[in-house]
Amino acid sequence: MIRTDRLDLLPFTFKQVEAILNGNNELEQLINSSVPKEWPSQAYVKTLEAKKEKLAQTPEDSQWSRIVVDREARQLVGEIGCKGAPDENGTVEIGYGIVESFRNNGYATEMVMGLVEWLKEKQLATKITANCLEANKPSIKVLEKSGFKQTHVADGLIYWEIG
């Protein structure tokens with residue numbers, strides 16, 4: 001688990017993925033926290049079957065995908081993770097999402113900074129990348145506050161990295 005000031009970034013295990021596919025109540029029992037009705041997003045739901053299959057084959061891959069819980073409120077607020085393990089050059093791409101009702105509370109910045117710190121502390125990656133839509137002002141602010149630098153813009157996406 002990765003801990004920040006307010007958040008626990010829990011490895012998203014096979015058992016948890018299976019639970020969310022069966023409904024929020026089962027996941028709530030597993031993580032001892034409330035799960036908002038609007039989570040997971042439709043985009044995230046589309047990744048869950050593939051994530052479940054991958055975790056069945058390689059359970060240790062749960063370290064690359066996290067669900068995020070506000071520790072004091074015992075409330076799931078989003079998800080964050082790496083889009084796979086670092087490549088042969090030590091580069092890893094991250095992605096994240098915050099439940100809409102929990103946006104603008106600093107959670108995204110806190111969890112991005114927590115994941116980046118963990119990756120660096122464990123010496124798991126030498127370069128961390130991310131991307132966001134040019135129109136996604138909140139995500140731009142999160143990445144800037146987290147120390148990422150823009151590398152280029154292409155096809156409506158801004159690409160970022162931090163070393």
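## Contacts across the chain

Among contacts in the protein between residues at least 6 apart in sequence, 58% join residues at least 24 apart; here contact means heavy atoms within 4.5 Å. This is a predicted model, in which local features need pLDDT of at least 70 and side-chain atom pairs count only at pLDDT 80 or more, while totals for chains, interfaces and linings use all residues. Residues are numbered from 1 along each chain as its sequence is written, and side-chain values use heavy atoms, with hydrogens and water left out.

## The overall build

Let's step back and view the whole protein. Its secondary structure comes to 5 helices and 8 strands, where helices (H or I, at least four residues) and strands (E, at least two) are DSSP runs numbered from the N terminus. Starting at the N terminus, the order of elements is β-β-α-α-α-β-β-β-α-β-α-β-β.

The C-alpha atoms fill a box of roughly 40 × 35 × 30 Å along the principal axes. For 163 residues, a compact globule would have a radius of gyration near 15 Å, and the protein agrees with its 15 Å. That radius is taken over C-alpha atoms, and the globule rule is 2.2 Å times the number of residues to the power 0.38.

## What is buried

Of the 163 residues, 46% count as buried. Buried means under 20% relative accessible area, exposed means over 50%, and partly exposed lies in between (1.4 Å probe, protein chains only). In soluble globular proteins, nonpolar side chains tend to be buried together.

The largest nonpolar core has 47 residues, and its largest share, 8 residues, comes from H4. Such a core is a set of buried Ala, Val, Leu, Ile, Met, Phe, Trp, Tyr and Cys residues joined through side-chain atoms within 4.5 Å. Leu119 is one of the residues with the most contacts inside this core. Leaving aside neighbours within four places in sequence, the contacts of Leu119 include Trp64, Cys82 and Ile128.

Helix H4 (residues 107-121) is also the place of Gly114. Gly114 is buried, with a relative accessible area of 10%, and touches Ile2 and Thr4, not counting residues up to four places away in sequence.

In helix H3 (residues 42-57) you will find Lys51. Lys51 is buried yet has no salt bridge, and the nearest side chain of opposite charge, Glu79, is 9.0 Å away. For charge, Lys and Arg count as positive and Asp and Glu as negative, while His and the chain ends are not counted. Leaving aside neighbours within four places in sequence, Lys51 is in contact with Phe12, Val17, Tyr44 and Ser65.

## Salt bridges

A salt bridge is a side-chain nitrogen of Lys or Arg within 4 Å of a carboxyl oxygen of Asp or Glu, and the count comes to 7. In one of them, Glu18 pairs with Lys52, the closest N and O atoms being 3.9 Å apart. Glu18 lies in helix H1 and Lys52 in helix H3, so the pair ties together parts 34 residues apart in sequence.

Glu161 forms a salt bridge with Lys127, with the closest N and O atoms 3.7 Å apart. This pair links strand S8 (residues 157-162) to strand S6 (residues 127-133). Finally, a network of salt bridges links Arg3, Asp8 and Arg71.
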